[in-house]
Amino acid sequence: MLEDTELFKQAREASATAYVPYSNFPVGAALVTKNGQVFQGCNIENASFGLTNCAERTAIFNAVSSGVKTFEMIGIYGETDEPISPCGACRQVLTEFCPDEMPVWLFSKTGDVKKTTVGELLPYHFKNLT
Ligand code: THU
């Protein structure tokens with residue numbers, strides 16, 4: 001597990017490359033793997049707004065496309081007064097790769113942190129049972 005301050009720094013740094021010409025709302029995510037590697041992600045918007053990819057999904061897809069699928073924690077940073085909270089689509093994607101008990105730390109712009117878990121964010125989530 002990373003310290004609060006280290007995870008905060010990694011998530012904030014990730015937001016620096018956000019492509020947000022439409023919302024001007026940069027978000028960063030830092031996804032820590034079981035062996036301590038960090039994969040970062042930012043939000044990437046599109047003129048067709050619905051195609052926007054959130055920071056959390058970018059971080060997961062970044063890791064999975066590098067061949068890593070075992071995660072320990074994720075930090076999410078928004079330039080907001082209160083800690084940011086992931087959208088429903090990102091919650092579902094997190095459940096695909098992360099155990100329910102995995103910590104999710106949500107950061108405001110000043111580093112206030114709300115600590116939750118994947119399972120708390122999306123209880124009774126869809127799983128492919130076939
Ligand atoms: N966004 C994220 O990247 N993660 C979240 O947790 C919430 C929302 C992005 C999507 C869009 O680019 C911008 O924030 C405003 O909704």
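**Notebook: a predicted protein chain**

Entry 1, overall burial. I looked up the burial of the protein chain and found that buried residues make up 45% of its 130 residues. I note here that the model is predicted.

I listed the secondary structure and found four helices and five strands in the protein chain. Read from the N terminus, the elements follow the order α-β-β-α-β-α-β-β-α. I then looked up the radius of gyration, which is 14 Å; this is close to the 14 Å that the globule rule gives for 130 residues, so the chain is as compact as a globular protein of that length. The C-alpha trace spans about 40 × 35 × 30 Å along its principal axes.

For the accessible surface I noted about 7,100 Å², with 53% belonging to carbon and sulfur atoms. I also looked up the charges: the chain has 10 positive and 15 negative ones, and their mean positions are 3 Å apart.

I looked up which residues of helix 2 are buried, and they are Ala-55, Glu-56, Arg-57, Thr-58, Ala-59, Ile-60 and Ala-63. These buried residues pack against strand 1 (27-33), strand 2 (38-42), strand 3 and helix 3. Just after helix 2, I found Gly-67 with a positive phi of about 90 degrees.

I turned to helix 3, residues 88-97, where Cys-90, Arg-91, Val-93, Leu-94 and Thr-95 are buried. The buried residues of helix 3 pack against helix 2 (55-65), strand 3 (71-78) and helix 4 (118-121).

I located Thr-116 in strand 5, which covers residues 113-117. Is Thr-116 buried or exposed? I found a relative accessibility of 9%, and Thr-116 therefore counts as buried, the cut-off for buried being under 20%. The side chain of Thr-116 makes a polar contact of 2.7 Å with the side chain of Glu-120. Which residues does Thr-116 contact when its neighbours within four places in sequence are left aside? I noted Met-102, Pro-103, Val-104, Leu-106 and Leu-121.

Terms used
Residues are numbered from 1 along each chain as its sequence is written. This is a predicted model: local features need pLDDT of at least 70, side-chain atom pairs count only at pLDDT 80 or more; totals for chains, interfaces and linings use all residues. Side-chain values use heavy atoms; hydrogens and water are left out. Helices (H or I, at least four residues) and strands (E, at least two) are DSSP runs, numbered from the N terminus. The radius of gyration is taken over C-alpha atoms; the globule rule is 2.2 Å times the number of residues to the power 0.38. Buried means under 20% relative accessible area, exposed over 50%, partly exposed in between (1.4 Å probe, protein chains only). Accessible areas come from the Shrake-Rupley method with a 1.4 Å probe; for residues, only the protein chains shown count as cover. Lys and Arg count as positive and Asp and Glu as negative; His and the chain ends are not counted. The place of a charge is taken as NZ of Lys, CZ of Arg, CG of Asp or CD of Glu. A polar contact is a pair of N or O atoms within 3.5 Å; within protein, one must be able to donate a hydrogen and the other to accept it, and residues adjacent in sequence count only if both atoms are side-chain atoms. Contact means heavy atoms within 4.5 Å.
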